[in-house]
Amino acid sequence: MIESRKDDHIKIAAGQEVEEGENLFNEVHLIHIALPEIDYEDVDTSITVFNKRLSFPFIIGAITGGTETAEKVNTVLAKCAEELGIGMYVGSQRIAIVKPETARSFRVVAENAPTALKIANLGAPQVSRLDEKVLSDWVSQAIDMINADAIAIHLNPAQEVFQPEGEPWFRGVLDKLRFIKRVANRPLIVKEVGNGISMEVAKALASRVNPDAIDVAGVGGTSFIRIESIRAGTTDEANVFSGWGIPTAASICEVRSVYNGLVFASGGVRSGLDGAKAIAIGANVFSMSKPLLISALKGYNEARAFISRLFKEFKTAMFMTGSKNVEELSKVPVVFGPTLISWLSQRGVPCKHITLPNPK
Ligand SMILES: Cc1cc2nc3c(=O)[nH]c(=O)nc-3n(C[C@H](O)[C@H](O)[C@H](O)COP(=O)(O)O)c2cc1C
């Protein structure tokens with residue numbers, strides 16, 4: 001049953017060891033500036049995304065919806081988004097479309113975060129099987145349910161393949177994404193769920209869909225291969241594919257090298273400093289899921305304190321790199337560690353921070 005799957009995801013993600021692989025943020029070094037020539041209070045962390053002002057470039061990741069526990073989590077997170085001036089994705093809304101009696105667990109987001117940036121969410125495999133008329137209806141329902149400012153479609157082939165009741169259907173997804181971009185009347189975000197986006201995929205998206213943002217959701221945080229295999233009892237197979245995908249820091253550079261829209265950084269982002277590193281190497285915004293789920297399950301005060309800490313860490317990283325605003329942070333110098341340098345040069349990624357050897 002779809003509801004019990006949603007509760008399994010929450011229980012397993014919050015209670016078991018489901019993080020694996022390397023995000024490679026430990027290989028991104030920001031340069032300390034001993035003479036920032038600004039006061040701490042001069043640092044302006046705010047940015048505008050899809051016409052909404054954010055107090056800092058942070059969006060609560062796509063997590064859940066559809067059950068009583070999910071409703072509690074969404075209520076807490078929506079209150080935080082509204083209060084702290086940040087954005088929020090919801091989890092996949094398919095459950096609320098096929099079982100409208102569960103839609104309340106998503107509507108609480110619009111009720112508790114009336115002015116915050118809100119992002120609707122549907123899965124690529126599911127939309128791949130809908131004809132255009134039904135798809136257009138699903139997209140409107142998802143947007144209206146939370147009064148969304150944008151819609152995200154998640155790409156999750158690894159999850160679907162490991163999920164006991166998975167639907168690994170990806171034929172025709174590019175055409176469906178292009179259709180959604182045309183009919184949604186809102187910015188379109190294409191995201192992964194923890195295995196990363198390569199420059200080849202970003203190129204295909206840029207040329208055939210032209211989404212407004214790509215959220216890399218790379219390796220190094222929550223692994224849905226692990227979560228689904230715990231549900232399925234197929235731990236050995238999950239061990240074979242442990243860490244499968246593109247490390248988040250590498251994925252940001254890959255996508256940025258071929259795509260001019262907004263890049264969202266997620267997948268194992270675990271501090272405001274990770275977020276600052278993500279922006280320094282090409283992302284515009286950062287996002288996090290599992291740690292927010294855990295703090296939201298403990299209640300509003302805990303979640304609020306956690307996000308406030310992220311804000312402080314992010315602002316401190318800006319101050320210590322001498323960045324007066326987020327634009328300046330995106331231009332600070334960085335030093336990469338050997339694994340990341342090797343990854344990027346083998347992939348021919350002309351990242352602004354590395355000089356590739358002259359081919360001649
Ligand atoms: C319990 C749970 C449920 C999730 N459900 C969704 C979902 O419905 N749709 C989606 O796009 N991503 C979903 N995700 C994936 C996250 O948005 C994110 O891409 C992934 O967890 C990596 O980020 P993290 O390492 O910060 O957790 C879920 C994550 C968690 C932990």
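Me: Let's start with a term: buried means under 20% relative accessible area, exposed means over 50%, and partly exposed is in between (1.4 Å probe, protein chains only). Which residues in helix H10 are buried?

Reply: First off, this is a predicted model, in which local features need pLDDT of at least 70, side-chain atom pairs count only at pLDDT 80 or more, and totals for chains, interfaces and linings use all residues. Residues are numbered from 1 along each chain as its sequence is written, and side-chain values use heavy atoms, with hydrogens and water left out. Helices (H or I, at least four residues) and strands (E, at least two) are DSSP runs, numbered from the N terminus. H10 takes in residues 224-232, and its buried residues are Phe224, Ile225, Arg226, Ile227, Glu228 and Ser229.

Me: Which helices do the buried residues of H10 pack against?

Reply: Here you need the rule for contact, which is heavy atoms within 4.5 Å. The buried residues of H10 have these helices as packing partners: H1, H7 (157-162) and H11 (235-240).

Me: What about the two ends of H10: which residue follows the helix?

Reply: At the start, a side-chain oxygen of Ser223 comes within 3.3 Å of the backbone nitrogen of Ile225.

Me: How is H1 placed against H14: parallel or perpendicular?

Reply: Axes are lines fitted to C-alpha atoms, for helices over the stretch in contact, with angles from 0 to 180 degrees between N-to-C directions. Under 35 degrees is roughly parallel, over 145 roughly antiparallel, 65 to 115 roughly perpendicular, and the rest oblique. The axes of H1 (residues 2-15) and H14 (residues 290-298) come within 9 Å and cross at roughly 100 degrees. That makes the pair roughly perpendicular.

Me: How many charged residues does the contact of H1 with H14 have?

Reply: H1 brings Ile10, Ala13 and Ala14, which meet Lys290, Leu293, Ile294 and Leu297 of H14. For the classes, Ala, Val, Leu, Ile, Met, Phe, Trp, Tyr, Cys and Pro are nonpolar, Asp, Glu, Lys and Arg are charged, and the others, Gly among them, are polar. In this contact there are six nonpolar residues, no polar ones, and, for charged, one.

Me: Which residue's backbone oxygen lies 2.9 Å from a polar side-chain atom of Ser287?

Reply: Ser287 sits in strand S11 (residues 285-288), and counts as buried at 2% relative accessibility. Beyond its neighbours within four places in sequence, Ser287 touches Phe58, Ile59, Ile60, Gly61, Tyr89, Ala265, Ser266 and Val269. The backbone oxygen at 2.9 Å from its side chain belongs to Ile59.

Me: Is Gln93 buried or exposed?

Reply: Gln93 is in the loop between strand S5 (87-89) and helix H3 (94-98). Not counting residues up to four places away in sequence, Gln93 touches Phe106, Ala120, Asn121, Leu122, Ala142, Met145 and Ile146. Its relative accessible area is 0%, so Gln93 is buried.

Me: How many disulfides does the structure hold?

Reply: A disulfide is a covalent bond between the sulfur atoms of two cysteines. Here the test is a pair of cysteine sulfur atoms within 2.5 Å. Cys80 is buried at 0% relative accessible area and Cys253 is buried at 2%. As for disulfides, the count is zero.

Definitions and conventions
A polar contact is a pair of N or O atoms within 3.5 Å; within protein, one must be able to donate a hydrogen and the other to accept it, and residues adjacent in sequence count only if both atoms are side-chain atoms.
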